[in-house]
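Subject: Handover of a structure and notes on it

Dear colleague,

Please find the structure below, handed over for your use. My notes on it come after.

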Amino acid sequence: MNERVLMLGNEAIARGLVESGCSVATSYPGTPASEILSSAVQWRKACGVPMHIQWAVNEKVALEIAYTASLTGLRSAVSMKQVGLNVASDPLMSAAYTGVMGGFLVISADDPGPHSSQTEQDSRLMAMMAKVPVLDPSSPAYARELVEIGYEISEIFRIPVMLRPTTRVCHACQDILPGEVRPLRREADFRKSPARWAATPAFRFELHRELAEKLAAIAAWPRTAPARLNPHAEGRRAVVASGVAAAHAGEILLESGLWDRLPIYRVVQPFPLHTAFIAHLFAAYEEILVLEETAAVIEMQLLDRRRVRGRMTGTVPEAGELLPEIVERLIAEFAGLPVKEESATAKGGGRRPTLCAGCPHRSSFYAIKKAAPKGIYPSDIGCYTLGLNLGGVDTVLCMGAAVSQAAGFYQAYRLAGKPVDIVATIGDSTFYHAGVPPLIDAVVQGARFVLVILDNSTTAMTGFQATPATGIGAANEPTGAVDMESLVRGCGVGFCKVGTPSRLPEFTGLLKEAVAFSHERGPAVVIAREPCVMDRRQSNRLPPRRKVRVNEECNGCRHCTEQFECPALVYDEGGQRIFVDTLQCTGCGVCLHVCPRSAIVEEDPGGGNP
Amino acid sequence: MSGQVRQQIVVSGVGGQGVLFVTRLLADAAIRRGGSVLTSETHGMAQRGGVVVSHLKAGDFAGPLVRTGQADGLIVLKEENLPLHREFIKPGGWIVLNTPRPGAAEGTGGVHAVDADGRAHESGNLQAANLILLGFALARLGAADRGGRLFCSPDDIEAALTQRMGDRESALRASIAALHLGILRGKR
C-alpha cells in the first residue's frame, strides 16, 4: 500500500500491531476498544502474517494469555475498555514486577464523557498504581506510531507498557499511510527462571526495586519526552496537554492567535513524566495549565502546587469530557482573553436509545414483569441494560454483578424475614465473562432467586462477537464450545430450563415455574434463547415474520408504548391511537399478546408460529 | 495539500440511519481530493436507536471534534435532532434536512430540505434515505472548485462508493441509484 487510507483509530492501532510484528493478540469486547481485535484479524489476512488472535472469556484471561506469550520472547498485546482493565488488574500489577521478554502492550481504551461506560476512570492511574509506563495518543495516526514505540520501551526496559487511547481516538477516523509490515520471525523460547516467573515475596522485594530503577530510566528516555509544539512562542505561562486535549488545544491556539505567545507542550508519556521536563517547566514558567483526561495524572507529578492549574485546583472540571469548547474557555481564561459567549457545548438530550424492534430481550422483560410483578430486578452490562426503559432493570453495577446482587438482595430480605421475588437478567457473553463464580456462590449459600440468561448467541452491544457457546473464533474459524446448560447444571443449579421469549404466554409460564422453584429450593435459571435480530450470522434462525396491524379497538391507552416500548409501535398524536411503523416492524408478533384490548391483530392469520 | 478547502461538517441522525456511512464517504472523498481528514463517530449503546452525531473536518486540523458555532454545514437525517445540533453551525452556514415537509422548511435559516425517507419509500429501497440526502446535498450545494459550497463533488462520492462496495455489485448499483435520485432532487 502506498496510498493514504481512511482508518478508524482502532484500525490504526491494529495496523500498528501487525506492522510491529505482534504475534499474539487477545481481547474481550467493550466500547470503545472492540474494533482493535477485529481489525487485527483483517490486517492479518491482508498482510498474510502468522498471528494468534482471539477473543478471551474475559479481560483477566486475555491479559494472562498475551502476557505469557511475551515470556516466550514473542511480541503480544491485549486490548480492552477501561473497566475491563479493572477485571485484568490482578495479573497486571504482578506482571509489572516480573517483567517481560518479548514486547507486551496493554491497550486500555478510556471513555471520557462517559459515552458507553459505567465510569470515566483513567487507565493512566492504573498504570501508575501498577508502576508501568503509559502512552497517551492524540490521534489515530499517532496511536499507530505509539504501538512501535511502546514495543521498544517494553523490550528495552523489560516492562509491560500501556497504550491508553480514548473514545475520540478509537472512534475517530483519519487519513493514514500504512507502514511496512516487518515480520520478526521469532520463535517461542521460554527460558526458565523461577526466581522471576514464580517469585516468592523475598524475590518480589528485589523485583520491586528493579521496577523502580526501570521507571527512573524510562522517565529519562528521550524518544517519549514531551514535545514543544510552538518552539518560537515565548511567555511566562505554558499549557501542558496530553491525548485529544492536546489536539484540541493546539488547534485552538492557532485559531485564537495565541500560537505565537502561549507555549504549549504535548505530553506523550504521562507516566512516568520525564524528570528533566518537570525541572524545565518550573525553571521556565510562572504558571502552568494542565489539560488531560480524565484524572490529574500529569498534574499530580508537578509538585509545586502554587504554579499549576488543572483539576486539582478546580480550574478544569472534575467530571466529563474535555470537549473543545471547554478547552477553548480554559485557554482563554488562562491567557486572560475574554471568554466567548458562544463557546457553550452543544445540547445533550434527544431520542434515547432503546431495544431494537423485534429484540427478544423486550419479550423477556415483559414476561419477567408479568411473572414477578413486585420483584426486584438486578441486571448487567449489555444491550439489555436498556430494559430499564421498560421497568425491567433496577440495578446495573458491573460485569457479572446481576448474579451476586440477586444473592445480596436475597440475604438482606431474608434477615428481615420479608421474602421478595428476585429476577436477575444477564447476557450470554456476560454470563461466561463473570457470571459463573457468583452462580456457584449462590448455589452454596442457597440464595433464592431466578436468573434469566438472555442468550442471543452473540455479544450484540459491541458488534456481534462470538460467545464461548458458539464454537466460532475471532476470524470465524471453528473453535471449541462450552454448552450453557451443562455449565449451569455443573454449577449445581437444580432448575435449568430453556425457553423462547417471543412465545410470550409459554415463556411467562416458564418464568412463573422458575419463581415458584426459587421460593423453595435456591437459584433457578431460565435460559431465554432467541437470536439477535441485528446479527446477520443468525438471520436464518429468526422466527417467521407475521404481519400485524392495530384495529379500531385501540383507545390510545399507550400500555404498549410504555410497558413494551417497541420502536415499531408509534403513538399518533393526531389520531390519538397506535399505528405500526412498517419500516421498523420485524414481524416478531410478540405485541399480539401485549395489548390489553387485543387491538393489535395479525393481518394474515395462519402465517406462522407459534 | 496547498489550496485544499478547509471545511467542517456535522452529520446528525439516530442509530440505524447510516450516519457513519455518510460521514465515511465524505471522508473518503476528502482523501480523493488530496487532503487530510479527521472524523469523530458515535458507537456503542447510542447506536440502538439513540441520537448519533458524527463530525468531519476536511483539511488541516488536529482535533476530531467540531466546536459549536464552527461548522460550515449540518446534514440532518432526523428532523427532531435539528434543535440539538443547530448550534454547531456558524453564521451563514448551511443545513441539509431530511423532512416529510420540505416545502415548509426550505429557505429559512440556510435550510435546504428534501423528503429523503419518502423518496426512499417510493424507490422501494428503504435503507437509501441517507444516500438520497447526501446526493441532494452534493447537487444543491455544489463543489467548491466549481464555485459551490461543498469540498467534494458527486463524482468523488460515487468513486468512494465504488471503492467501498465494489465487491457487492447489486448493493453498489442500488446505492448509486439512490445517490442519483438525491442529485436529481437537489438540482434547481
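The model is predicted: local features need pLDDT of at least 70, side-chain atom pairs count only at pLDDT 80 or more, and totals for chains, interfaces and linings use all residues. Residues are numbered from 1 along each chain as its sequence is written, while chains are lettered from A and ligands numbered from 1 in the order in which they are written.

Sheets of chain A

Helices (H or I, at least four residues) and strands (E, at least two) are DSSP runs, numbered from the N terminus; two strands pair if DSSP finds at least two bridges between them. One open sheet has 6 strands in the order S3-S2-S4-S5-S7-S6 (chain A), with parallel pairing. Its edge strands are S3 (52-55) and S6 (134-135) of chain A, each pairing on one side only. Within this sheet, S4 (residues 75-81) and S5 (residues 104-109) of chain A run parallel and are joined by 6 bridges, with Ser76(A) opposite Phe104(A).

Another open sheet has 5 strands, ordered S9-S11-S10-S12-S13 (chain A), and its pairing is mixed. Here the edges are S9 (227-228) and S13 (308-309) of chain A. S10 (residues 237-242) and S12 (residues 287-291) of chain A pair in the parallel sense over 5 bridges, and Val239(A) stands opposite Leu289(A). Helix H11(A) lies across S10, S11 (264-267) and S12 of chain A, at about 140 degrees to S10(A); such angles run from 0 to 180 degrees between N-to-C directions, with axes fitted to C-alpha atoms, for helices over the stretch in contact.

Contact between chains A and B

Two residues are in contact if their C-beta atoms, placed from the backbone, lie within 7 Å. The contact takes 39 residues from chain A and 35 residues from chain B. On the side of chain A that touches chain B, H11(A) supplies the largest share, 5 residues. S8(A) is joined by 3 bridges to strand S2 (residues 37-40) of chain B, and the two run antiparallel. In this pairing, Gln174(A) stands opposite Leu38(B).

Helix H18(A)

Helix H18 (residues 504-521) of chain A has 18 residues and should span 26 Å at 1.5 Å a residue; its end C-alpha atoms are 25 Å apart, which agrees. The expected span is 1.5 Å times one less than the number of residues. A residue is buried if 20 or more other C-beta atoms lie within 10 Å of its own, exposed if 12 or fewer, and partly exposed in between, with C-beta atoms placed from the backbone. Among the buried residues of H18(A) are Phe507(A), Leu511(A) and Val515(A). Seen down the axis of H18(A), the buried residues fall within an arc of 155 degrees (taken over directions from the helix axis to the C-beta atoms), so they line one face of the helix. On the other side, Pro505(A) and Glu520(A) are exposed.

Backbone features

Most residues other than glycine have a negative phi, and most peptide bonds are trans. A cis peptide bond joins Gly113(A) and Pro114(A), with omega about -25 degrees. Another cis bond joins Glu293(A) and Thr294(A), with omega about -10 degrees. Asn476(A) has a positive phi of about 65 degrees although it is not a glycine, and this residue is exposed, with 10 other C-beta atoms within 10 Å.

With kind regards
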